[in-house]
Amino acid sequence: MKQRIHHLIIKSSFILSLFALVGFTSVAAQDIEQLPLGSTLPLGDVSMEDISGRNLTLNGVKGDNGLLVVFSCNTCPWVIKWEDRYPVVQEIAAANDIGMILLNPNEDYRDKGDGMDDMILHAEKAGYDLPYVLDKNHRVADAFGASRTPHVYLFDSEDKLVYVGAIDDNANSAADVEEFYIKDAIEQLSAGQPITTASTKSIGCTIKRLGN
Amino acid sequence: MRVLGINSLYLWVLLGIFTMYSGCTDAPEDKNSTSKVNLLQNATVDQIQSHIASFSGEKPVLVNIWATWCLPCVEEFPYIMDLKSKYGDQFELVFISADFEEARMEATEFLDFQGVNFTTFFKQGKDNDFIAGISEAWSGAIPYTLVIDKDGVTHTEWEGKADYQDFEKALLQVIQ
């Protein structure tokens, strides 16, 4: 009997939600080509709305020694785990004359927690003190081949991609990080040394692209 | 009593909806049967590789990496369970949870709710090595799915959510 009731509840939910679900079942597997190391920064002049109300471009945020781009969002638990390191990374980047910017590419989640108002609230709550822009229709994410949040890209002073991947090797605990990938990459870039680990991977949330 | 957050409730409601939507009504009636198996077993990537390799020469394997916090994962999960109900022992199903440790109980409850009555895995170890060990083609975004043929060769793999027809199409190419 209990199961019957349970099924009825589910069935009711199903009927009520049917219209909302129409068109929601198409193929959605991502087929994204990762920007190869050595590539030139794409779409540097595209204007994007920042949480400050200003419009920013990647070229405008760039520092003398390069640019750090982080595809991020408000809704991914992996971002939430990692974002306590955003200020640390920002400080390291600034100390090395590298600009840093967060881009939110989750176009399909604008009404599910990743709209501009949500971004403003999230930035305030999380204590962001850096540009956080809306990547409309995930245009920049597509050009970068970004697949997840967070997904980090470091460009040198000549706009060449020199590092792509994760912030570090431990989303769960900053105290237990053994390899601080992006710190090492920034410092090696600044010192004019080859970047020893130029590409890393981490688990993260798929970017919520339109049509997915 | 555990209090579910709004996000969790949303996931569970969606779960119910999608369970019906996909026609997944074949979950075992006897939920107690799941208590006899370890639904979520810790496993390193080496252990998972060995487990997958043990079916080489015997039957195809479908590997799905998911997490309770991942909405697309939760949405597609019933499709995969439907395929397991339909094709049974013609393929081996390997679920790997990428949940954080604090969500272990929620993941176990999710598996039980879905009618999973076999051992699945709980990811251990660093992401970079884990991802590389699963597939060079995987960037780390989840859900991630691999369909491996009877000879142990990856037939197809994809990142992101798929629908029932896509899963079935990929599976039929290796079980026939």
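These legends go with several close-up views of a predicted model. Residues are numbered from 1 along each chain as its sequence is written, while chains are lettered from A and ligands numbered from 1 in the order in which they are written. Because this is a predicted model, local features need pLDDT of at least 70 and side-chain atom pairs count only at pLDDT 80 or more, whereas totals for chains, interfaces and linings use all residues.

**View 1. The buried side of helix α5 in chain B**. Helices (H or I, at least four residues) and strands (E, at least two) are DSSP runs, numbered from the N terminus. Along α5 (residues 127-134), look for D127(B), N128(B), F130(B), I131(B) and I134(B), which are buried (20 or more other C-beta atoms within 10 Å of their own; 12 or fewer is exposed, in between is partly exposed, and C-beta atoms are placed from the backbone). They sit on the same side of α5(B) because they cover an arc of only 165 degrees around the axis, taken from the directions from the helix axis to the C-beta atoms. Among the elements covering them are α2 (45-53) and β4 (120-123) of chain B.

**View 2. Inside the largest nonpolar core**. Such a core is a set of buried Ala, Val, Leu, Ile, Met, Phe, Trp, Tyr and Cys residues joined through C-beta atoms within 7 Å. Of its 98 residues, L154(A) and I142(B) touch the most other members. Helix α3 (residues 71-87) of chain B gives the largest share, 8 residues. Beyond four places in sequence, the contacts of L154(A) include G66(A), L68(A), V162(A) and Y163(A); a contact means C-beta atoms, placed from the backbone, within 7 Å.

View 3. Most peptide bonds are trans.

**View 4. Positive phi at N137(A) and D159(A)**. Most residues other than glycine have a negative phi. N137(A) has a positive phi of about 55 degrees, in the loop between β5 (132-134) and α6 (139-144) of chain A. This residue is exposed, with 12 other C-beta atoms within 10 Å. For D159(A), phi is near 65 degrees; D159(A) lies between β7 and β8 (161-165) of chain A and is partly exposed, with 16 C-beta neighbours inside 10 Å.

Technical notes:
Two residues are in contact if their C-beta atoms, placed from the backbone, lie within 7 Å.
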